[in-house]
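This briefing concerns the structure shown below. It is arranged by topic for a reader who has the sequence and the coordinates at hand.

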Amino acid sequence: MKLLSHYLKDRVFFIMIYVVSVLVCLCVFKLYNLELEAFTYAFMILCVLIVVCGLFDYYKYYKKHQTRVTLRLNSNVSLSCDLQDSSLIGEDYHEILVAMKNYHDQYVESSESKMHDLEDYFTMWVHQAKLPIAAMKLLLEDEKLSRSEIKLQLLRMDQYTDMVLAYLRLHSTHTDFLFKELELDDLIRQSIRRFSTEFIRKHIQLQFKETKDVILSDEKWLVFVLEQIFSNSLKYTNENGLISIYMKSKHILVIEDNGIGISASDLNRVFEKGYTGMNGRSDKTASGLGLYLCKNILDMLNHKITIESSVGKGTRVILNLTHFEGRIE
């Protein structure tokens with residue numbers, strides 16, 4: 001009865017038109033003094049026709065209602081032709097529903113893909129984090145405890161933690177960028193100090209020519225990028241090696257080492273997520289995310305990064321810290 005009540009409310013306009021039409025016909029018959037029998041006969045025929053059409057219309061109304069109820073209760077139901085209406089408004093509503101369902105499917109697919117990426121990353125991160133933890137356990141069991149080795153493992157754990165935070169913030173809908181003018185030399189020194197123990201441990205020489213450059217960027221994120229680059233240089237430069245930091249031209253910073261280098265086949269893919277290449281296969285601690293994060297962060301900071309390298313000769317990382325206007329969203 002509730003459905004019938006709703007149906008009558010939805011069709012009340014047409015019912016009123018029918019009643020008014022009958023009254024108009026009755027008035028015309030009266031004005032022309034026509035026999036009421038003819039009017040009654042025509043009225044009965046129209047009533048039968050209206051009842052038949054009404055029952056058919058009510059059946060269609062009922063079927064559409066049942067389809068919508070099923071669709072509401074089960075989100076996996078596809079938008080079949082049963083839901084379509086031959087009228088223009090019905091087709092418009094159907095197109096809206098199709099568009100909404102497509103958007104929903106795309107959103108679900110995108111969310112599942114991001115979730116899988118996070119699961120893969122954190123699985124890999126856990127394996128990475130276990131290495132310095134295991135190393136510290138062994139060092140603690142040694143009677144001759146090496147403070148420098150403990151510091152090194154703690155530094156690696158600190159790096160892994162920073163990478164997790166950067167990875168999560170990078171894929172967040174909110175950013176915490178704070179653009180301002182910065183002394184580039186201060187950022188470089190800040191990054192170098194974090195790895196001072198590693199420079200000393202591996203006896204790596206550092207050549208740093210002051211840039212005296214002022215750039216427009218975000219301090220926290222740019223320092224993270226510099227630290228990732230220094231970390232890679234230290235990791236793949238042998239003992240007694242050399243790392244040079246200098247300006248190629250205004251706002252163009254170069255970080256160069258004489259380490260093992262990158263093969264030509266790997267060079268074009270170093271910024272891909274999870275790609276470690278030949279060096280990564282020999283270094284079990286490589287995640288393939290450092291340069292991926294650097295590239296994405298620099299894109300968001302409106303800077304650019306390029307890498308030049310030769311196997312056995314070293315690697316040159318070139319940071320174009322010019323602020324490219326019009327790229328901030």
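The model is predicted. Five strands make up an open sheet with mixed pairing, and a search of the whole structure finds twelve salt bridges.

**The sheet**

- The strand order is S2-S4-S5-S7-S6.
- Strand S2 (205-208) and strand S6 (304-310) are the edge strands; each has a single partner strand, so one side of each lacks a neighbour in the sheet.
- On average, neighbouring strands of this sheet are turned by 15° against each other, direction ignored.
- Six bridges join strand S4 (residues 242-249) to strand S5 (residues 252-257) in the antiparallel sense.
- Ile245 has Ile255 in S5 as its bridge partner.

**Helices across the sheet**

- Helix H6 (residues 184-194) lies across S2, S4 and S5, and runs at about 170° to S2.
- Helix H8 (residues 219-235) lies across S4, S5, S6 and strand S7 (314-320), and runs at about 20° to S5.

**Salt bridges within helices**

- In helix H4 (residues 88-141), Lys101 and Asp105 are four residues apart, about one turn of the helix, and their side chains meet in a salt bridge (3.2 Å, N to O).
- Lys101 counts as partly exposed because its relative accessibility is 27%; Asp105, at 34%, also counts as partly exposed.
- In helix H7 (residues 196-201), Arg201 and Glu198 are three residues apart, about one turn of the helix, and their side chains form a salt bridge (3.0 Å, N to O).
- Arg201 is partly exposed at a relative accessible area of 30%, whereas Glu198 is buried at 9%.

- The side chains of Arg316 and Glu256 meet in a salt bridge (3.2 Å, N to O).
- This pair links distant parts of the chain, with Arg316 in strand S7 and Glu256 in strand S5, 60 residues apart.
- Arg316 is partly exposed, with a relative accessible area of 27%, and Glu256 is partly exposed, with 23%.

**Nonpolar surface patch**

- Met1, Leu4, Leu8, Ile15, Val19 and Leu23 make a nonpolar surface patch of about 570 Å².
- Helix H1 (2-10) and helix H2 (12-31) are the elements that give two or more residues to the patch; H2 provides the largest share, three residues.
- Leu8 is placed in helix H1 and is partly exposed, with a relative accessible area of 42%.

Terms used: Residues numbered from 1 in each chain as written. Predicted model: local features only at pLDDT ≥ 70, side-chain atom pairs only at ≥ 80, totals over all residues. Heavy atoms only, no water. Patch = residues over 30% accessible without salt bridge, like charges linked within 9 Å, V, L, I, M, F, W, Y side chains within 5 Å. Areas by Shrake-Rupley, 256 points an atom, 1.4 Å probe, with all protein chains shown as cover. Salt bridge = Lys/Arg side-chain N within 4 Å of Asp/Glu carboxyl O. Buried < 20%, exposed > 50% of the residue type's maximum accessible area, 1.4 Å probe, protein only. Pairing = 2+ DSSP bridges. Axes fitted to C-alpha atoms, helices over the stretch in contact; angles between N-to-C directions. Contact = heavy atoms within 4.5 Å.
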